Amino acid sequence: MISAVIDKKSPTPLKEQLRNWVIHRIREGALKTGDRIPSINALARDFELSRETIRQSLDTLVDRGFLIPEHGKGYFVAARESRLLRVALLGKIDGVYLKPIYEGLAEGLGPHATILVMDAQKSALSLSSLVENLAYHHAVDRLLVVPPRGKEEEISEALEPYRRYFKVAWLDRAPIQTKDARFLCDYGAAVRLALSHFEKTGLEQRIYFSRNPEDGSVFSAMRKAFREGKSKAVRIESDWKKIDVSQPAGILCETDTEAVFLQSRLLAKGAKIPDQISIISCDNTPMTDLVVPAISSI
């Protein structure tokens, strides 16, 4: 029975449940562009809902560009180009990545989309509620995830029950085993670019610096690319105290945060930066321009 798709005991408002049902029917192709959806009377009867609840739900879909109302005829499925895309960005609100990602999305999508920024620094229960809220209350079409370090698996588990509601993309630190499509920088190319620079400047001692453990994220791919560097002097270091500042070296830091930390420590040890020791990092955030000397960032 069609009314079974409406759960009247759910905290999700009935009109939102109906709206999600219509959106799902459109996305799966059961309702195509130009199709007339069932009448308000038919939906009210089949879903056992009031006509006003049905009308409010359908009018919301009109506002979002999913439906077109025609007086005396009903509601029709609009062309895909007219739909307002809803995108959610889930990540650490105080992270250095979210602002440029948000600005890039806003510029690229323009008036054709709305963008929600949600804080991923939650407990497992709260995180699950947050994802449910995105699926039902906000009816998000696309979810872009920039997980706080160590939260990858927790977020992936929270997403599992709701994957049919929106498409998911992991940005940056997605674990290798994640099956979603991912928008990732070419970190291997960034590492090779840094090594090429060190080679051109005659820095035979090349060090990859990171205090983070191996965790199956894109950083593991970076370290693999670094280990495959041609020079035998390539090594990975996590203890800044082991770096000999009296010897010329090219140092690639995993993040801008690591680079700023390392530079402050090496300068205190008397390192000649950048004359003798060259530091490069891979985030390309404004942080590297706030220190002296400024740090090159890819």
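I will go through the chain overall, then some helix contacts, the strands, and a few backbone details.

First, the ground rules. This is a predicted model, where local features need pLDDT of at least 70, side-chain atom pairs count only at pLDDT 80 or more, and totals for chains, interfaces and linings use all residues. Residues are numbered from 1 along each chain as its sequence is written, and side-chain values use heavy atoms, with hydrogens and water left out.

The protein chain has nine helices and 12 strands. Helices here are DSSP runs of H or I with at least four residues, strands are runs of E with at least two, and both are numbered from the N terminus. Of the 298 residues, 45% are buried; buried means under 20% relative accessible area, exposed means over 50%, and partly exposed is in between, with a 1.4 Å probe and protein chains only. Taking contacts between residues at least 6 apart in sequence, 66% join residues at least 24 apart. A contact is heavy atoms within 4.5 Å.

Now helix α2, residues 40–47. Its buried residues are Ile40, Ala42, Leu43, Ala44 and Phe47, and they pack against α1 (14–27), α3 (51–63) and β2. With α3, the packing angle of α2 is about 115 degrees and the axes are 9 Å apart. Axes are lines fitted to C-alpha atoms, for helices over the stretch in contact, and angles run from 0 to 180 degrees between N-to-C directions. On the α2 side of this contact are Ile40, Asn41, Leu43 and Ala44, and they meet Arg51, Ile54, Arg55 and Leu58 in α3. By class, that contact has five nonpolar, one polar and two charged residues. Nonpolar covers Ala, Val, Leu, Ile, Met, Phe, Trp, Tyr, Cys and Pro; charged covers Asp, Glu, Lys and Arg; the others, Gly among them, are polar.

Glu48 is not a glycine, yet its phi is positive, about 55 degrees. Most residues other than glycine have a negative phi, and most peptide bonds are trans. Glu48 is partly exposed, with a relative accessible area of 44%.

The other helix pair is α7 (residues 187–200) with α8 (residues 218–227), at an angle of about 35 degrees and with axes 9 Å apart. Tyr187, Gly188, Val191 and Leu195 in α7 meet Val218, Met222, Ala225 and Phe226 in α8. This contact has seven nonpolar, one polar and no charged residues.

On to strands, which pair if DSSP finds at least two bridges between them. Strands β1 (residues 67–70) and β2 (residues 74–77) run antiparallel and are joined by four bridges. Leu67 has Val77 as its bridge partner in β2. Three residues lie between the strands of this hairpin, where Gly72 takes a positive phi near 80 degrees.

There is also an open sheet of five strands, in the order β9-β8-β10-β11-β12, with parallel pairing. Its edge strands are β9 (234–237) and β12 (296–297), each pairing on one side only. Within the sheet, β10 (residues 249–253) and β11 (residues 277–281) pair over five bridges, and Leu252 has Ile280 as its partner in β11.

Last, where are the cis peptide bonds to look at? One joins Ile273 and Pro274, with omega about 5 degrees; Pro274 sits in the loop between α9 (256–268) and β11. Another joins Val292 and Pro293, with omega about -5 degrees, and Pro293 is in the loop between β11 and β12.
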